[in-house]
Amino acid sequence: MPLILISGYPSSGKTYRSNQLVDFFNTKIKASTESPVSCLSVIHINHQTLGLSRDVYRDARSEKDARAAEYSAVKRALGRDTVVIADGLNYIKGFRYQLYCEAKAVQTTSCVVHVGTPLDQCKEINTRSLEDKSQDGGYPTDIFDNLVYRFEEPNGMTRWDSPLFTVPFDDATPPCDEIWNALVGMGGEMKKIKPNQATIMKPAAEADYLYELDRTTQKILNEVIGWQKERLGEPGGSITIGNQVIELPTTAVSLPQLQRVRRQFISLNRQHTLPKSRISESFVEYLNSNFE
């Protein structure tokens, strides 16, 4: 059931660390005599298993399709008897949030393992991989630099990035025992997560739910757009929406960025329906998570 998200710079050793976790979890499962644990299987999802090349990051459309492929694969794999290790860049916090919601929807634990290889070391490894034709190859230099520039490091203070385990480059192995205890538990009884309102599947939506979802989110977007127009050039700021506060970043958020976040929120909540009274509160929370 648990979901492990692997994060790190390109060529930081994410697949190497993932394979260490796969070996550790398989060993623990085989050694267990407790039925919930002994029935588990480990599923490792990465670019190789999905048949994706590193060139998918060269343009926005192919990158979006690649993320969709990983998202679908993780969603299919999550279940009662699986441990899913998602070994991708997972460098966008909004994408990590989506996967966190999927884990909560099936009432399972999740964590983020950040491979903390220094950037200079990643560049060196990537250069060697590009030069060594016998290896799988590295990232083309322009793609490598672009991914590093856009990388959003996990923050253990946010619920979707916690618990967060950072693996320094010099460590021989990840903190496997700590990860096991956080996800499975010391007694082998399998931890369960209580889903929140945003991830509970309901048999039917309230009347006019989709209309209210669209109307409320657009109204909040209009508030943000209007506030920014009135205060051109001012860094950051706070907007009060009912009892909630939107904390804007220091740089202005463009209309396409706001529309993208709104589409993601609507997509997440078309089936995982919210009470209409909580749409505004949940959307403000989602905006703040993307603005951090």
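**View 1. Q107 lies in the loop between α5 (93–105) and β4 (110–116).** Helices (H or I, at least four residues) and strands (E, at least two) are DSSP runs, numbered from the N terminus. Q107 is not a glycine, yet its phi is positive, at about 60°. Q107 counts as partly exposed because its relative accessibility is 37%; buried means under 20% relative accessible area, exposed over 50%, and partly exposed in between (1.4 Å probe, protein chains only). This is a predicted model, in which local features need pLDDT of at least 70, side-chain atom pairs count only at pLDDT 80 or more, and totals for chains, interfaces and linings use all residues. Residues are numbered from 1 along each chain as its sequence is written, and side-chain values use heavy atoms, with hydrogens and water left out.

**View 2. S11 is found in the loop between β1 (3–8) and α1 (14–31).** S11 is a residue other than glycine with a positive phi, near 60°. With a relative accessibility of 15%, S11 counts as buried.

**View 3. A cis peptide bond joins S162 and P163.** Omega for this bond is about -5°. P163 lies in the loop between α7 and β5.

**View 4. W160 is found in the loop between α7 (141–150) and β5 (164–168).** Is W160 buried or exposed? W160 counts as buried, because its relative accessibility is 5%. W160 and L130 are 30 residues apart along the chain, and their C-alpha atoms are separated by 34 Å.
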